[in-house]
Amino acid sequence: MAALGWLTPRRRSATARSVLAGEASAEAARKTSQELEALAGQAAPAAGSGEPEFPVVGDVEAAAFFDLDNTVMQGAAIFHFGRGLYKRKFFERQELFRFAWQQAWFRLAGVEDPEHMQDARDSALSIVQGHRVAELMTIGEEIYDEYMAERIWPGTRALAQAHLDAGQKVWLVTAAPVEIATVIARRLGLTGALGTVAESVDGVYTGKLVGEPLHGPAKAEAVRALAAAEGLDLARCAAYSDSHNDIPMLSLVGHPYAINPDAKLRKHARERDWRLRDYRTGRKAAKVGIPAAAGVGALAGGTAAAIALHRRRR
């Protein structure tokens, strides 16, 4: 998301915006981590094919950082959240069409067109502007149950659980709003979440961001800032992602994993002997770097379902 008319002054460099976004996300994540840490032990471990060789049990200076979209969860969290907001009449059908197209373009093209991304961020911020943060958190809990819970990759969740079982902290790192990311982290029993921070005053969204979306280099800055605050040794930490856009974050840690990788990340990982895991069933899709059939079906099916719901109401 981004502020209407692009929230950050042009005189600030992209690097400065990334640092600001990363530091803001790390601060927001630490504020919620104590509550989530208390609940972390309540999540039941997911069934898996066996524990990986890593992590090292008892290494408290290590932690794990997981990308969300198509790494932990099938599809884009912001799209599923948008479906839930549409269901609750936050916006009209034509906005849903545009939002769905933006998400489809991002996933199928494998590139991030600046105009598409800015339009998507502006649309999302205009939707939540004036709403209370507490209201969006409550709705996020409902939307998780409606659209997200069944889309968690069991294999990735087992990897996260292995870190928790080893006594390490586990953080989501995503461009999705930090409030939604925090809900998902809590429901999975993780430590907390780093996400895009939308500005709020007295608990009400202003329609602006702090810095820029937590994407690409900004993710790496958020991980760096959190590691410094938590006293972590990045050389002993792990990071997991599906996207070549997260190479800056993956390159920060001593144990990078490519999960359900796109073509560029797969090539990069093989060249550097990074570990790979692929939990998708569509092998052709995995090779060419687009979502497996289930992911595309979920996108199209979700849009159709939302439109059908709109028609029934009329």
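In the predicted model, Asp-67 and Lys-219 are joined by a salt bridge whose closest N and O atoms lie 2.7 Å apart, a salt bridge being a side-chain nitrogen of Lys or Arg within 4 Å of a carboxyl oxygen of Asp or Glu. This pair connects distant parts of the chain, with Asp-67 in strand 1 (residues 63–67) and Lys-219 in helix 8 (residues 217–230), 152 residues apart; helices (H or I, at least four residues) and strands (E, at least two) are DSSP runs numbered from the N terminus. Asp-67 counts as buried because its relative accessibility is 5%, and Lys-219 is likewise buried, with a relative accessible area of 4%, where buried means under 20% relative accessible area, exposed over 50% and partly exposed in between (1.4 Å probe, protein chains only). Residues are numbered from 1 along each chain as its sequence is written, and side-chain values use heavy atoms, with hydrogens and water left out. Because the model is predicted, local features need pLDDT of at least 70 and side-chain atom pairs count only at pLDDT 80 or more, whereas totals for chains, interfaces and linings use all residues.

The structure holds 17 salt bridges. Among them, Arg-187 and Glu-141 meet through their side chains at 2.9 Å, N to O, a pair that also links distant parts of the chain, since Arg-187 belongs to helix 7 (residues 178–187) and Glu-141 to helix 5, 46 residues apart. Arg-187 is partly exposed at 28% relative accessible area, and Glu-141 is partly exposed at 22%. A further salt bridge brings together the side chains of Asp-278 and Arg-280 (2.8 Å, N to O); Asp-278 is partly exposed at 24% relative accessibility, whereas Arg-280, at 11%, counts as buried.

Arg-151, which lies in the loop between helix 5 (133–148) and helix 6 (154–165), is buried yet has no salt bridge, the nearest side chain of opposite charge being that of Glu-150, 5.9 Å away (Lys and Arg count as positive and Asp and Glu as negative, while His and the chain ends are not counted). The side chain of Arg-151 does, however, reach the backbone oxygen of Tyr-147 at 2.4 Å.

The largest nonpolar core has 47 residues, and those with the most contacts inside it are Phe-66, Phe-81, Met-148, Leu-172, Ile-184 and Tyr-240; such a core is a set of buried Ala, Val, Leu, Ile, Met, Phe, Trp, Tyr and Cys residues joined through side-chain atoms within 4.5 Å. Helix 5 gives the most to this core, with 7 residues. Apart from this core lies another, of 27 residues, which includes Ala-29, Ala-63, Ala-220 and Ile-247. When neighbours within four places in sequence are left aside, the residues in contact with Leu-172 include Phe-66, Val-72, Ile-184 and Leu-194, contact meaning heavy atoms within 4.5 Å.

Helix 2 (residues 77–87) is largely enclosed by the rest of the structure, because 10 of its 11 residues are buried; among these are Phe-79, His-80, Phe-81 and Arg-83. Just after helix 2, Lys-89 takes a positive phi of about 65°.

The protein chain as a whole comprises 12 helices and 8 strands, and buried residues make up 54% of its 314 residues. Of the contacts in the chain with a separation of 6 or more, 69% are accounted for by residues 24 or more positions apart.

How values were computed. A polar contact is a pair of N or O atoms within 3.5 Å; within protein, one must be able to donate a hydrogen and the other to accept it, and residues adjacent in sequence count only if both atoms are side-chain atoms.
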